[in-house]
Each structure stands twice: as structure tokens, then as C-alpha cells.
Amino acid sequence: MMEDLAMQILELLMNSIHAGASHIYLTITESEKENLIQVHLEDDGKGMTEEFVAKVTDPFTTTRKTRKVGMGVAFFKGLTDMCNGRFEINSRPGTGTLITAELQRDWIDTPPLGNIGEMMMYCIQADENISYVLKYSNDKSDFIFQSDEVKAMLDGVSLLEPEILLWVKDYINEGIEHVKEDLQ
Ligand SMILES: Nc1ncnc2c1ncn2[C@@H]1O[C@H](COP(=O)(O)OP(=O)(O)OP(=O)(O)O)[C@@H](O)[C@H]1O
Ligand SMILES: [Mg+2]
């Protein structure tokens, strides 16, 4: 089973990618003051109807034909329930989807954040044409990664080049580490 938050968020990101999004905004906030981990994920993919959103946290709801049970959303919702948090989906067909999730930061079952750089690397590998914006913040500082900026810097070199992907992963993880260190 997937044990850290990054791998759970990756499931949601993959849904956004499969929904045909061209922009994905992800914000992760760790607040000691509020004792919260907050995840905001916004995409401009195909969206869902109100009825579907109502059912989508049920593991027996999925539009995929190959497998009857879709687990990504239901699992994340279950995790927030388990971690004294909350989970909300706002979606509109043809417009996009906003997912807001919160977990209590020091709750016993709250998983560690995990490898956010690797998570973003998997997304870029899945679709490098999407414009990804990642913001990580805590009470003191923040770090922002924008795939479009990296693309502009690369001047025609593909984001999919293995050394570029690895650079992106490290760049993100180091950026997040710096934000965390600022707290001390
Ligand atoms: N961001 C989104 N935009 C549009 N539709 C979405 C989005 N997220 C989820 N969905 C819809 O909700 C369904 C359920 O998602 P969920 O991740 O729970 O299962 P799945 O993706 O079908 O299967 P699994 O994640 O287990 O491989 C998806 O099949 C999709 O139709
Ligand atoms: Mg899924």
C-alpha cells in the first residue's frame, strides 16, 4: 500500500491528468500553528457533475471499464477521515475540479509527506505538456515550482530527458527542505 502523502496526492494528480487538464495547481501547506496539513489541487480538466461528485468518494464508482473499483479518491477521503481532517471536491463539467483536503498534522495516523519531488517527476513523465504549479509552504516561508519556467530555461530540451527529470526532483526536494529549515 502507498504509505506517504506524496503517493496519495499522486493518485489525485493522475486523475487530473487523465481528465485532460492543461493546468494543474497544487498547494501543500504544513502549519505548526494550526496543526494542519492542507492540500489544494485545482485542475482545468473535464470536471464532474454534481451527482458524480456525490458518488466519487464511494469506491464502487468509477468511469473506467477495465476495473470496476476506483480507489484513488475514496482512499484519500478515508485517509482524511482517519486523520481528523476533511475532504471536499468542487467540480463543474467542462471547467475543472478543486479538491481541498486537510489532515491534523500531529495525528498518529497522519502519514509523512514523502517525496514530493519524485511525485512531480512522475506527473511530468505522465504528461510533460501540462503546466504544473506546485507551492509548498509552512508558517514562515514558501517554495514555488513552475514547470513552464523550467521549460523556458531549457530552451527546447525536453523535460523528459532523464537528467532533467532527476534535476527537477532534486530541485523541488531541496526547495522544500529550505522552507522547512527556515522554521528552525
Ligand atoms: N480531477 C478529476 N477530474 C475529472 N474527473 C475526475 C477527477 N478525479 C476523479 N475523477 C473521476 O472520478 C473517478 C474516480 O476516481 P478514482 O481515482 O477514485 O478512481 P479511478 O481513477 O477510476 O481508478 P484508480 O484511481 O483506482 O486507478 C475517475 O474515474 C474519474 O471519472
Ligand atoms: Mg484515480
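Of the 184 residues of the protein chain in this predicted model, 28% count as buried. The chain holds six helices and six strands, and from the N terminus on its elements run α-β-β-α-α-β-β-α-β-β-α-α. Its radius of gyration is 16 Å, close to the 16 Å that the globule rule gives for 184 residues, so the chain is as compact as a globular protein of that length.

**Overall dimensions and contacts**

- The C-alpha trace spans about 45 × 40 × 30 Å along its principal axes.
- Among contacts between residues at least 6 apart in sequence, 66% join residues at least 24 apart.

**The sheet**

- Six strands form an open sheet with mixed pairing, in the order E3-E4-E2-E1-E5-E6.
- Strand E3 (86-92) and strand E6 (142-146) stand at the edges; each has a single partner strand, so one side of each is left without a neighbour in the sheet.
- From one strand to the next, the twist averages 5°.
- Strand E2 (residues 36-43) pairs with strand E4 (residues 96-104) in the antiparallel sense, over eight bridges.
- Val 39 stands opposite Ala 101 in E4.

**Helices on the sheet**

- Helix H4 (residues 116-126) packs on the sheet and touches strand E5 (131-137) and E6. The direction of H4 makes about 170° with that of E5.
- Helix H6 (residues 162-182) also packs on the sheet, touching E5 and E6. The direction of H6 makes about 165° with that of E6.

**Helix H3 and its buried side**

- Val 73, Phe 76, Lys 77 and Thr 80 are buried in H3.
- These residues cover an arc of only 100° around the axis, which puts them on the same side of H3.
- An α-helix has 3.6 residues a turn, so residues three or four places apart point the same way.
- The cover over the buried residues of H3 includes helix H1 (5-18), helix H2 (50-56), E3 and E4.

**The nonpolar core**

- The largest nonpolar core has 36 residues. Those that touch the most other members are Ile 9, Leu 13, Ile 116, Met 119, Met 120, Leu 134 and Ile 172.
- H1 contributes the largest share of this core, six residues.
- Ile 9 touches Val 39 and Met 119, when residues up to four places away in sequence are not counted.

**Residues with positive phi**

- Asn 35 is found in the loop between strand E1 (23-31) and E2. Its phi is near 55°, a positive value in a residue other than glycine.
- Asn 35 is partly exposed, with 13 other C-beta atoms within 10 Å.
- Asn 84 follows H3 and is found in the loop between helix H3 (72-82) and E3. The phi of Asn 84 is near 55°, again a positive value in a residue other than glycine.
- Asn 84 is partly exposed, with 17 other C-beta atoms within 10 Å.

- The C-alpha atoms of Glu 88 and Leu 36 are separated by 15 Å, and the two residues are 52 residues apart along the chain.

Technical notes. Residues numbered from 1 in each chain as written. Chains lettered and ligands numbered in written order. Predicted model: local features only at pLDDT ≥ 70, side-chain atom pairs only at ≥ 80, totals over all residues. Pairing = 2+ DSSP bridges. Helix = DSSP H or I, 4+ residues; strand = E, 2+ residues; numbered from the N terminus. Axes fitted to C-alpha atoms, helices over the stretch in contact; angles between N-to-C directions. Contact = placed C-beta atoms within 7 Å. Buried ≥ 20, exposed ≤ 12 C-beta atoms within 10 Å, placed from the backbone. Arc of directions from axis to C-beta. Core = buried A, V, L, I, M, F, W, Y, C linked by C-beta atoms within 7 Å. Rg over C-alpha atoms; globule rule 2.2 N^0.38 Å.
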